[in-house]
Amino acid sequence: MSIADRGIALADRAVRAVDPDGELSRAVERAARNAWALTFGDGVEGRRPTPASVLWDEPHRQLRRFEPGPVAGTTDPAAAAVLLVPPLAAPAGCFDLRPGQSLAEFLLETGRAPYVIDYGEITYADRRMGFDDWVYDILPEAIRRTAADRVAAGGEPEVDLVGWSLGGTMALLTAAADVGLPVRSITAVGPPLNYSAMPMTPQLAAAARLTGTGAAVGAALRAVGGVPAPLTRLAYRLSAWDREVKRPWFVASNLARTESLARMEAVDRFMADMPGYPGRVYQQLWNRLVLRDEIGRGEVDFGQGPIRLADITAPVLLVGGPADVITPARAVEHGLRTLTGAKAVHYETAPGGHLGILAGATARATTWTYLDKFLTTPV
């Protein structure tokens, strides 16, 4: 054996001594591959959406039905439809971030029939759209079409609504505005139901009333057509500033953990896809929800008469996050005091931030489990 061969053999034995199972070598290989993918490639994991069929495709109201696959299982023919309602200024992909972080996938796994309404991009041309467009038109039509599609497949004629963040508030307002809609139940995850409990909102409202800047803000928003997507994305990043600050350390310490990096990428894609707010929507949000906290009093008027949360009779599930800095848990729990007409109102809590309570690492064991139980026996 040559000197070179003996050196290689000695080096090999040394590596085997400290890494007998080869795990260290595999970890180093994974770290190198992930570092390359993050730096020069397309990321550690590309988009892998749950298969879906488009049932209705018009501006700001694309309705999709998620389809069972080899992993997701089969839909119970008698199951009611579950319509997922995203908030404004957030992509519908919040319900389907990636495999393992997809509420849509989970619903399919449990034999249910999930659908989602997608509002698409919001531009300056949409500046005159207000909450009333969604509450009286877009969402009711999506509910009726979802119910009709489910009935055609032999399922139940009523729809279970599941909304996240402001989407939960919008689902509740839609059900309250028309009690004749085929709504079986409503689940709201992290919905702002009391703006006086939101961070800095009472101070902002008091300052606006004191200085008279409330009307000026509304006029400015009308002039620019709303809140553009880049500003929405920046605001969300600022709300999770600690994540942004810790990101380099997180990447460095998880280079060999592909799953952790894939979760990070899914959230990054979610934030990059955020659309903006239409001007009139944000004006209503500012004037009626922030300054007057109409939702906290349980009665909101978008110009077509008061919408009373107490008029909702369907059972409701509310999920709040004690660590949620965008919609504090107390702003969600407030619904126990305003949803007085519902057959039942259940309130649960889940760990994680605003998106985490919907699609974080612990969501399956908390929020999704609460939802599964609630949809099985809503009352």
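Which residues are linked in a network of salt bridges? Arg65, Glu67 and Asp149 make up such a network, a salt bridge being a side-chain nitrogen of Lys or Arg within 4 Å of a carboxyl oxygen of Asp or Glu. The model is a predicted one, where local features need pLDDT of at least 70 and side-chain atom pairs count only at pLDDT 80 or more, while totals for chains, interfaces and linings use all residues. Residues are numbered from 1 along each chain as its sequence is written, and side-chain values use heavy atoms, with hydrogens and water left out.

The salt-bridge count comes to 14 by this rule. One of the pairs joins Asp133 to Arg280, with 3.8 Å between the closest N and O atoms. Asp133 sits in helix H4 (residues 131–152) and Arg280 in helix H11 (residues 279–291), so this pair ties together parts 147 residues apart in sequence; helices (H or I, at least four residues) and strands (E, at least two) are DSSP runs, numbered from the N terminus. Asp133 is partly exposed at 24% relative accessible area, and Arg280 is partly exposed at 25%. Here buried means under 20% relative accessible area, exposed over 50%, and partly exposed in between (1.4 Å probe, protein chains only).

Helix H4 also supplies Arg144, which pairs with Asp178 at 3.3 Å between the closest N and O atoms. Asp178 lies in the loop between helix H5 (166–177) and strand S6 (183–189), so parts 34 residues apart in sequence are tied together.

Then there's Asp160 with Arg184, whose closest N and O atoms are 2.9 Å apart. This one links strand S5 (residues 159–164) to strand S6, across 24 residues. Asp160 is buried at 2%, whereas Arg184 is partly exposed at 25%.
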